[in-house]
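Reader: I have a structure here and want to talk through what holds its parts together. Can you put it up?

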Amino acid sequence: MVKPALRPAAASLRGAGHRVVRDMGAAWRCATGVPARMRKAVTAALCRLLASGAGEGEAVVPCLTEHRLPEAALAGVPFEAVWEHRPAQRGRVFNKHAPEGVPAHRYYASYGATPPKEKKARTYMFSASGEACSTGIPALFAPVLDHLNARRGAGQPAYNQLVVNWYETAEEYTPMHFDCLDGMPPGADVTVVNLIDPSPEVREDRLPYVVRPRRGKATALPSTPVLRQLVFKKRRSPKTVKRIDCAHGSCVTFGGAALTEWRHGVPKAQAFAARRVSLSFRSYVEE
């Protein structure tokens, strides 16, 4: 994983990097004075790197914009106050393969104008049951909701529904998916707001399994957390990927083709990650 500070430089090299990897593979196949076994191993590694898409430019997702929440709005949603809203139990996710629902991979709650689950819906993950949510959006989130609605352009429907996701351990995640668009008006979009623990405590029970102590061997705990990522993958083109760091106060708005042609999700963290809360705002037609 590329360190956050190096990602801009890495991105600028990707366009030329694809060609460099290809040329290096050709050079190694013809290299002289190098043991055949080493030449074969390096060539195979470069081919795998090339096949994985290394060196390709970062994907551009249509109908997606990013901005930062103003400090005034951000101060109105203290992280610990939001964390206290986390439900006691995980909700369930409904889809065509599990009409009765399966446990979600993180804690979440739904507020506002959440519509009831439709039988034809491919996925539905907005409430802890198949019924419509009747809980209004808590006043705690009003500063963020007011800011986002004030940014809406002419003709854009106001946000009236909120899904809050809580991520504590590195193994909590949201699978790649398409949103259920039933009940959303034409031209509607989604805005995700990221809230990150400002003073994360490095705890062993929040580490991913890949860095936990094994067989009694001591493992040094990381001193700083990494940022989780919101990942977009294009339909029928899984190697076309865009990754967005979920920094504190960052906002991602996406609609149109970004909703219908790109799956999105939040994968497991591969290193210690601070607690994260995401606020996903949507618009629904109220009957």
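Author: A word on terms before the surface figure: accessible areas come from the Shrake-Rupley method with a 1.4 Å probe. On that basis the protein chain exposes about 15500 Å², and carbon and sulfur atoms supply 56% of it. Keep in mind that this is a predicted model.

Reader: Noted. How many helices and strands does the protein chain have?

Author: There are six helices and 13 strands in the protein chain.

Reader: And what share of the residues is buried?

Author: Of the 287 residues in the protein chain, 41% are buried.

Reader: What about contacts between residues at least 6 apart in sequence: what percentage join residues at least 24 apart?

Author: In the protein chain, that figure is 77%.

Reader: Switching to charges. How many salt bridges turn up in the whole structure?

Author: The search finds eight. One of them pairs D189 with R152, with 3.0 Å between the closest N and O atoms.

Reader: D189 and R152, buried or exposed?

Author: Both D189 and R152 are buried.

Reader: Next one. Which residue does R282 meet in a salt bridge?

Author: R282 meets D179, at 2.8 Å from N to O. R282 belongs to strand β13 (residues 276–282) and D179 to the loop between β7 (174–177) and β8, so the parts tied together here are 103 residues apart in sequence.

Reader: Why does R282 count as buried?

Author: The cut-off for buried is under 20% relative accessible area. R282 has a relative accessible area of 5%, so R282 is buried. D179 also counts as buried, because its relative accessibility is 7%.

Reader: What about R275? Which side chain does it meet?

Author: The side chain of R275 forms a salt bridge with that of D197, 3.1 Å from N to O. R275 is in the loop between β12 (262–266) and β13, and D197 is in the loop between β8 and β9 (229–234). The two are 78 residues apart, and the pair links distant parts of the chain.

Reader: Which residues are in a network with R275?

Author: E80 and D197 are joined with R275 into one network, through salt bridges that share partners.

Reader: And R275 and D197, buried or exposed?

Author: R275 is buried, and D197 is buried as well.

How values were computed: Residues numbered from 1 in each chain as written. Predicted model: local features only at pLDDT ≥ 70, side-chain atom pairs only at ≥ 80, totals over all residues. Heavy atoms only, no water. Salt bridge = Lys/Arg side-chain N within 4 Å of Asp/Glu carboxyl O. Buried < 20%, exposed > 50% of the residue type's maximum accessible area, 1.4 Å probe, protein only. Helix = DSSP H or I, 4+ residues; strand = E, 2+ residues; numbered from the N terminus. Contact = heavy atoms within 4.5 Å.
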